[in-house]
Amino acid sequence: MLDFLKLLFDWKDLFNIAGLDAVVYAGMALVGTALFAIRLAFALLLGIDGDLDLDVEDIDHGAGFGMVSIFSITAFLMGSGWAGLAAQLEWQLGNGWSAAVAGGFGTFLMVLASTGMFAAKKLTREVTYDTQTAAGKIGTAYRAIPAKGEGSGEVRVSISGRSMVVSAISAGPAIAAFADVKVVEVRDDQTLVVEPV
């Protein structure tokens, strides 16, 4: 292991033993690992994400998701470099097979990093909804709703495809909790007007 690390930092010997490919893989591995360590240090110690999307929006995975980012490039460099070195120095593969292993593993890590970032961004995405989509829907009184003009209660109803609990008033008689209701109107203040089903 110590010989491998000495060889990794002595690029002249590395070139003489394994050729230019190994030197390129060593450079990719060291640069990728250094960038990853710096990014990790910023994230853990300072709470700074520091990832910049390079806006490859042709791959439509949702708003604000780019396949190429600093994080995914770092993952590609690190994975390709270490896999290429292992293929040449440890597994004794030829130049073509080493390049295939390096490219394949680097691409795998790049896709994995991009997918992970997409999933993380999805968790923090602000969800918007339109209360007007509740008009005409059937829901359930979550809390008793007094008769028209006597106050408000709450209903559980589907809004923009999500089940939500919102403020509601009755269009007529009082409605008991857990009774089925129909939304007849959506007010500007996002209060629903409901009637018993």
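Helices (H or I, at least four residues) and strands (E, at least two) are DSSP runs, numbered from the N terminus. The views below show a predicted model, in which local features need pLDDT of at least 70, side-chain atom pairs count only at pLDDT 80 or more, and totals for chains, interfaces and linings use all residues. Residues are numbered from 1 along each chain as its sequence is written, and side-chain values use heavy atoms, with hydrogens and water left out.

**View A. Helix α4 and the residue T74.** T74 lies in helix α4, which spans residues 70-90. The 21 residues of α4 reach 29 Å from the first C-alpha to the last, close to the 30 Å expected at 1.5 Å a residue; the expected span is 1.5 Å times one less than the number of residues. Relative accessible area sorts residues into buried (under 20%), exposed (over 50%) and partly exposed (in between), using a 1.4 Å probe and protein chains only. Helix α4 is mostly covered, with 15 of its 21 residues buried. T74 counts as buried because its relative accessibility is 2%. A contact means heavy atoms within 4.5 Å; leaving aside residues up to four places away in sequence, T74 touches G32, L35 and F36. Just after α4, Q92 takes a positive phi of about 55 degrees.

**View B. The largest nonpolar core.** A nonpolar core is a set of buried Ala, Val, Leu, Ile, Met, Phe, Trp, Tyr and Cys residues joined through side-chain atoms within 4.5 Å. The largest one has 15 residues, and those with the most contacts inside it are I145, V155, V157, V166, L192 and V194. Two or more residues each come from β2 (153-159), β3 (162-170), β4 (180-186) and β5 (192-196). Not counting residues up to four places away in sequence, V157 touches several residues, including A134, I138, M164, V166, V183 and L192.

View D. A salt bridge is a side-chain nitrogen of Lys or Arg within 4 Å of a carboxyl oxygen of Asp or Glu, and a search of the whole structure finds two. In one, the side chains of E154 and R143 meet at 4.0 Å, N to O. This pair links distant parts of the chain, eleven residues apart: E154 is in strand β2 and R143 in strand β1 (residues 138-143). E154 counts as partly exposed because its relative accessibility is 26%, and R143 counts as partly exposed at 44%. The side chains of R187 and E185 also meet in a salt bridge, at 3.5 Å, N to O.
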